[in-house]
Amino acid sequence: MRKKSIKLAAQTFRANVDEVVAFTQRCAAAAPITEQDESWCYDLAIIRLYREFEDLMLSCLVALINNDATTFSQVKQRTFPRHMNVEVCEYLICGDGYFDFAGRDGLLKIIKKIVPNAHWLPTIVGDAAYTNALKKLSTLRNFAAHDSSVSKKRALEAIGQNRMSSSGAWLKKQNRFSVICNSLKAMAQQIEAAAPY
């Protein structure tokens with residue numbers, strides 16, 4: 001039976017984030033590029049970054065069940081086989097749907113359905129050092145993807161401003177996208193260090 005590796009997932013996430021950042025740099029260096037083109041580039045980049053982060057979180061949760069379901073059994077107060085394949089683990093987390101979470105708090109809620117509150121994963125993800133990046137990641141991604149009045153309102157709340165035309169227009173200035181990326185990469189590094197496998 002194949003085993004998921006949290007350490008590998010964290011390393012892959014960091015490498016993929018570097019690719020997304022390199023994409024934004026290539027866009028910015030392209031000549032000629034309009035302001036709108038560059039904003040769209042960052043809209044796409046925040047959506048891609050969110051996708052990579054989502055994949056990291058799902059990989060962590062699957063690995064926690066896949067490698068040893070003892071803790072999951074304790075949280076659920078039922079006995080599960082100690083080792084289950086990846087597909088079964090994904091089903092236990094996502095059901096018939098796909099992995100999705102409503103912002104930082106929603107992510108922590110899902111994590112705490114898999115491991116106890118004191119486990120290293122919710123401790124790291126819930127660390128105040130990453131709160132700002134997680135809130136911006138979710139709200140700016142939602143605004144880039146949906147462009148609704150509700151998503152714009154939440155994005156404005158997350159960035160602490162009362163005006164912005166698009167997520168990309170805000171992210172492309174003052175190294176803001178890189179700041180979010182660096183924070184999430186630091187989280188992934190901490191996850192990698194804490195993970196037993």
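**View 1. Contribution of α7 to the largest pocket.** The structure shown is a predicted model. In this model, α7 covers residues 131-146. Besides α7, the elements that each give two or more residues to this lining are α5 (103-111) and α8 (149-159).

**View 2. Centre and volume of the largest pocket.** The volume of the largest pocket is about 330 Å³. Its lining consists of 17 residues. Nearest to the centre of the pocket lie A102, G103, S138, T139 and N142.

**View 3. Residue classes around the largest pocket.** The lining of the largest pocket comprises six charged, six nonpolar and five polar residues.

**View 4. Lining of the second largest pocket.** The second largest pocket has a volume of about 160 Å³. Among the residues that line it are K3, K4, S5, L8, A9, T12, F13 and N16. The lining also includes E52, D55, L56 and S59.

**View 5. α1 and α2 at the second largest pocket.** Both α1 (6-29) and α2 (35-67) provide at least two residues of the lining of the second largest pocket. With five residues, α1 accounts for the largest share of this lining.

**View 6. Residue classes around the second largest pocket.** Four nonpolar, four polar and four charged residues make up the lining of the second largest pocket.

Conventions
Residues are numbered from 1 along each chain as its sequence is written. This is a predicted model: local features need pLDDT of at least 70, side-chain atom pairs count only at pLDDT 80 or more; totals for chains, interfaces and linings use all residues. Side-chain values use heavy atoms; hydrogens and water are left out. On a 1 Å grid over the protein atoms alone, a cavity is a set of points where a 1.4 Å probe fits but cannot get out, and a pocket is an open set with protein on both sides within 12 Å along at least five of seven lines; lining residues have an atom within 4 Å of a point. Grid points are joined across faces, edges and corners, and a volume is the space filled by probe spheres set on the points. Helices (H or I, at least four residues) and strands (E, at least two) are DSSP runs, numbered from the N terminus. Ala, Val, Leu, Ile, Met, Phe, Trp, Tyr, Cys and Pro count as nonpolar, Asp, Glu, Lys and Arg as charged, and the others, Gly among them, as polar.
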